[in-house]
Amino acid sequence: MTKATEPELSDQTRWMLAVRDLRDRRAFGMLFDFYGPRLKAFVMRAGATGALAEDIVQDVMLAVWHRAGQFDPERSHVSGWIYRIARNRQIDLARKARRAVPEDIEYEPEQDEPAQRLAMDQEATQLRDALARLKPEQKQMIEKAFLGELSHSEIQDDTGLPLGTIKSRIRLGLERLRHELKGLR
């Protein structure tokens, strides 16, 4: 394509490219000033309160900064890319809100408590050993998902890996753990 036929880039695209290529804080500030109020209105139209909307905007813009290297103006307009991040964040929050909260369990001491404690320690050791035998990438995903209590999208934001890769590693790791620990209980 020649210079004459290249499309003119919008200000927002130029700002995003400056953030992506130069880690330009001033350009990021301009992006934030431009998209912040629009994102807040977008999120509030979807039912979020003002305070929650502001939190979501902060999370989205932080993700924009951290994932700027993934922006490709050939694949998406900057607005579509940012609004997709916002939509995914809203979905993550909605899923978290629907998670069941465990009930409080009343503790009733039993007669053979030392034996139970020993059994639990042995099970914990077996689980730790089984986790250590997993492939490092499977172990990392399982630890983030179950010990770190991160959603798949949060893991994606943290690692930059595709969502399908994250899900596959978790599934394969859990299958291996299930196989290794099938003798427990």
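**Figure 1. The fold has 8 helices and 0 strands.** Helices (H or I, at least four residues) and strands (E, at least two) are DSSP runs, numbered from the N terminus. Read from the N terminus, the elements run α-α-α-α-α-α-α-α. This is a predicted model, in which local features need pLDDT of at least 70 and side-chain atom pairs count only at pLDDT 80 or more, while totals for chains, interfaces and linings use all residues. Residues are numbered from 1 along each chain as its sequence is written, and side-chain values use heavy atoms, without hydrogens and water.

**Figure 2. The largest pocket holds about 540 Å³ of space.** Its lining has 24 residues, and those closest to the centre are Arg67, Gln70, Arg84, Asn88 and Gln156. A pocket is an open set of points on a 1 Å grid over the protein atoms alone, where a 1.4 Å probe fits, with protein on both sides within 12 Å along at least five of seven lines; lining residues have an atom within 4 Å of a point. Grid points are joined across faces, edges and corners, and the volume is the space filled by probe spheres set on the points.

**Figure 3. Helix 4 (78–98), helix 7 (152–159) and helix 8 (163–180) each supply at least two residues of the lining of the largest pocket.** Helix 4 gives the most, with 8 residues.

**Figure 4. Buried residues make up 28% of the 185 residues in the protein.** Buried means under 20% relative accessible area (1.4 Å probe, protein chains only). Among contacts (heavy atoms within 4.5 Å) between residues at least 6 apart in sequence, 58% join residues at least 24 apart.

How values were computed:
Buried < 20%, exposed > 50% of the residue type's maximum accessible area, 1.4 Å probe, protein only.
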